[in-house]
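Dear colleague,

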Amino acid sequence: MSGQASSAERSRIQGAKYDFTATYNRRWPHAYFRALLALDYMLPDRAKPIFERIFADYRRVRNKTKLKIIDVGCSYGVNAALLRTDLDLDDLHAAYLGPSGSLSRRQEIEHRAFFRNQGLRDDIQFVGVDPSFRAVRYALDLGLIEAGVTTDLETRDLTIKERSALADADILISTGCVGYATEATFARVYEASATSRPWVVAFASHRFGYDDIAAALRAFSLETRLVERFRQRQCRFSPTERQAILKAMAKLGIEDRLERTTGYIYASCYISAPPGEAL
Ligand SMILES: C[S@@+](CC[C@H](N)C(=O)[O-])C[C@H]1O[C@@H](n2cnc3c(N)ncnc32)[C@H](O)[C@@H]1O
């Protein structure tokens with residue numbers, strides 16, 4: 001497992017992060033998708049076959065067909081959109097091209113019909129966790145997720161209603177969110193769903209360690225494994241962040257050969273499950 005950043009280091013690395021937070025909490029996802037495209041952010045696309053493989057393993061091990069997935073940092077329901085349809089990220093980009101401000105009434109109606117027309121599969125249900133409440137509202141309105149938790153679990157506890165939305169989960173997933181969400185969020189989410197002993201599958205950008213989250217999950221008797229071969233490309237370095245991130249990775253002891261060779265940042269895949277269950 002990679003080295004662990006202190007909270008001071010984490011904030012410094014966060015400071016070096018290309019900042020598209022201004023697009024996180026809008027009524028419509030168009031500006032967010034434009035920002036993703038500008039950085040060639042591809043993690044949810046690359047993670048999709050890995051998640052599907054793990055969902056298949058989970059169904060076999062637990063003898064279940066219908067899954068309840070909690071997506072930590074769900075944003076506009078990107079993982080739900082990909083995993084509940086045959087679409088890829090390019091299809092979403094194509095659907096989201098257009099204005100990033102307010103949509104005309106006609107555009108709104110067309111856009112709302114988009115996922116309905118894809119025939120969202122209902123053997124996978126999603127609950128989204130993300131303080132970007134407008135993004136969560138969008139994912140709910142378009143039927144991508146069943147329920148949303150918008151409390152910032154870094155600093156606050158779940159409400160009773162939110163706890164019940166998280167209960168009986170099968171798998172917690174996360175892409176592009178470790179760093180914003182730390183062990184505090186993961187522990188709160190897991191605690192609310194611990195009775196069903198869900199697995200946790202998280203892609204953590206190489207600029208962040210995962211030791212604190214793994215330790216928090218260990219308290220629920222989960223074993224965490226870093227699965228090297230599931231590592232995926234996340235996005236290109238923005239011109240301003242490259243040096244700072246490479247420096248921070250060196251300090252954390254995270255190997256940076258791929259980053260230096262390709263100019264992309266990578267994310268490691270961590271899988272946590274009760275001993276002997278996963279993979
Ligand atoms: C880079 S985006 C990734 C979104 C999506 N998972 C994806 O891969 O496209 C980071 C997301 O983390 C969310 N986020 C920020 N702070 C958070 C927190 N404390 N808990 C959960 N999500 C958080 C942001 O609102 C944003 O939607």
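A pocket here is an open set of points, on a 1 Å grid over the protein atoms alone, where a 1.4 Å probe fits and with protein on both sides within 12 Å along at least five of seven lines, and its lining residues are those with an atom within 4 Å of a point. The model is predicted, so local features need pLDDT of at least 70 and side-chain atom pairs count only at pLDDT 80 or more, while totals for chains, interfaces and linings use all residues. Residues are numbered from 1 along each chain as its sequence is written, and side-chain values use heavy atoms, with hydrogens and water left out.

The largest pocket is lined by 33 residues, and those nearest its centre are Tyr24, Asp130, Gly176, Cys177 and Tyr180. Its volume is about 520 Å³, where a volume is the space filled by probe spheres set on the grid points, which are joined across faces, edges and corners. At least two lining residues come from each of strand E1 (67-72), helix H4 (78-83) and strand E7 (232-236), with helices (H or I, at least four residues) and strands (E, at least two) taken as DSSP runs numbered from the N terminus. By class, this lining holds 17 nonpolar, nine polar and seven charged residues; Ala, Val, Leu, Ile, Met, Phe, Trp, Tyr, Cys and Pro count as nonpolar, Asp, Glu, Lys and Arg as charged, and the others, Gly among them, as polar.

The second largest pocket has a volume of about 230 Å³, and among its 12 lining residues His206, Glu228, Arg231, Glu255 and Ser268 are the closest to its centre.

Turning to the interior, a nonpolar core is a set of buried Ala, Val, Leu, Ile, Met, Phe, Trp, Tyr and Cys residues joined through side-chain atoms within 4.5 Å, and buried means under 20% relative accessible area, exposed over 50%, and partly exposed in between (1.4 Å probe, protein chains only). The largest such core has 60 residues, of which Tyr32, Phe55, Leu92 and Phe115 touch the most other members, and helix H3 (residues 43-62) gives the largest share of this core, seven residues. A second, separate core has 31 residues, including Val72 and Tyr210.

Finally, the two backbone angles: Asp40, though not a glycine, has a positive phi of about 55° and is partly exposed, at 28% relative accessible area. Ser75, in the loop between E1 and H4, also has a positive phi, near 55°, but is buried at 8% relative accessibility.

Best regards
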